[in-house]
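Morning, everyone. Please look at the model on the screen while I talk.

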Amino acid sequence: MSSVAGTLDAELLSDTRETPATLDAFLAQVERRAFRMAELQLRQREDAMDAVQDAMLRLVKHYRDKPAVEWSPLFWGILRRRIVDLQRRRKVRSIVVGWLGGGRDDDGDELPSWEPADHGPGPLDRLHDAQSYADMAAAVSQLPQRQREAFMLRMLEGLDVAETARAMGCSEGSVKTHLSRAMHHLRDQLEDWR
């Protein structure tokens, strides 16, 4: 876990996030981290790209006139809701496709799978850092959704408690509770990395 924690600490310390002067600069700053967060939760690259792009478009369309200090919690809240929407839509499609029988369209072609693929541990020749990241990503994806959101927004994005509460649409006490439970679970899951 020391290499995982070191990686996280290095990312957090090397990326001192000052409020960008323009919305374009803000979006360029959060783009990669937002994609990583969405991909961890959705487990599909294309859905993650769609979620991030939609969140960025909604921020620009509806909140471009807001002060720059409000962009971060607004963006992460929009992205979180978009991810939840995609997860719900995927579940409904999965149920409907199964209920309609066999997952084939009118031409007899197989319909796409709506459930995410289960990505196990990487190949044996992976580098140590890649393996530790994969184990961390797996542990984070096993967290309940609210705990995962609190962990990612507080620890990976560096939002403070108040900003995280606004992004998640809950109280500051709830953020603290979710984060505490997430950290306890991750410590247990990643014990081998200590």
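A salt bridge is a side-chain nitrogen of Lys or Arg within 4 Å of a carboxyl oxygen of Asp or Glu. This is a predicted model: local features need pLDDT of at least 70, side-chain atom pairs count only at pLDDT 80 or more, and totals for chains, interfaces and linings use all residues. Residues are numbered from 1 along each chain as its sequence is written, and side-chain values use heavy atoms, leaving out hydrogens and water.

The whole structure has five salt bridges. Take D54 and R58: their side chains meet in one, 2.8 Å from N to O. They sit four residues apart in helix α3, so about one helical turn separates them. Helices here are DSSP runs of H or I, at least four residues, numbered from the N terminus.

D54 also bridges to R82, with the closest N and O atoms 3.0 Å apart. That pair links distant parts of the chain: R82 is in helix α4 (residues 71-100), D54 in helix α3, 28 residues apart. So D54, R58 and R82 are linked in a network.

Buried or exposed? Buried means under 20% relative accessible area, exposed over 50%, partly exposed in between (1.4 Å probe, protein chains only). D54 is buried at 19%. R82 is buried at 14%. R58, at 38%, is partly exposed.

Now, confidence. pLDDT is the predictor's confidence in each residue, from 0 to 100. The chain averages 77. Over residues 4-16 pLDDT stays under 50, and likewise over residues 114-126. Where pLDDT is low, the predicted coordinates should not be read in detail.

Terms used:
Contact means heavy atoms within 4.5 Å. Helices (H or I, at least four residues) and strands (E, at least two) are DSSP runs, numbered from the N terminus.
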